[in-house]
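Hi,

Here is the structure I promised to pass on. Have a look at it first, and then read my notes below.

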Amino acid sequence: MTNSDLTDPRWIKSSFSEPSGNCLELTTTDGHISIRDSKLTDTSPILTITPAQMKAFLHATKGDYFNHLP
């Protein structure tokens, strides 16, 4: 998916985001969650996932699943 595929989305980013914009932005469309790089809003590829996939990712990050990565 590209930015042109989304019609007037309301992108949000964390209130903890740095002023330089080094963050991810999220929006929801058609029951899916889309994610992009906030530094490259016009050219960033967009990752689109289901709510179940987001829930699984958040569950894994809150646990010890990724602790083995450098």
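Asp 30 sits in the loop between E1 and E2, and its phi is near 50°, a positive value in a residue other than glycine. Most residues other than glycine have a negative phi.

Before the rest, some housekeeping. This is a predicted model, where local features need pLDDT of at least 70 and side-chain atom pairs count only at pLDDT 80 or more, while totals for chains, interfaces and linings use all residues. Residues are numbered from 1 along each chain as its sequence is written, and side-chain values use heavy atoms, with hydrogens and water left out.

Now the fold. Of its 70 residues, 27% count as buried. The chain exposes about 5500 Å², and carbon and sulfur atoms supply 58% of that (Shrake-Rupley method, 1.4 Å probe).

The strands make an open sheet in the order E1-E2-E3, with antiparallel pairing (two strands pair if DSSP finds at least two bridges between them). At the edges are E1 (24-29) and E3 (47-49), each pairing on one side only. Strand E2 (residues 32-37) is joined to E3 by three bridges, and Ile 35 stands opposite Leu 47 in E3.

Last, the charged pairs. A search of the whole structure finds two salt bridges (a side-chain nitrogen of Lys or Arg within 4 Å of a carboxyl oxygen of Asp or Glu). In one of them, Glu 25 meets Arg 36, with the closest N and O atoms 2.7 Å apart. Glu 25 lies in strand E1 and Arg 36 in strand E2, so this pair ties together parts that are eleven residues apart in sequence. Glu 25 is buried, at 11% relative accessible area, and Arg 36 is buried at 11% too. Asp 37 and Lys 39 also form a salt bridge, at 3.1 Å from N to O. Here Asp 37 counts as buried at 19% relative accessibility, whereas Lys 39 is partly exposed at 47%.

Cheers

Conventions: Buried < 20%, exposed > 50% of the residue type's maximum accessible area, 1.4 Å probe, protein only. Helix = DSSP H or I, 4+ residues; strand = E, 2+ residues; numbered from the N terminus.
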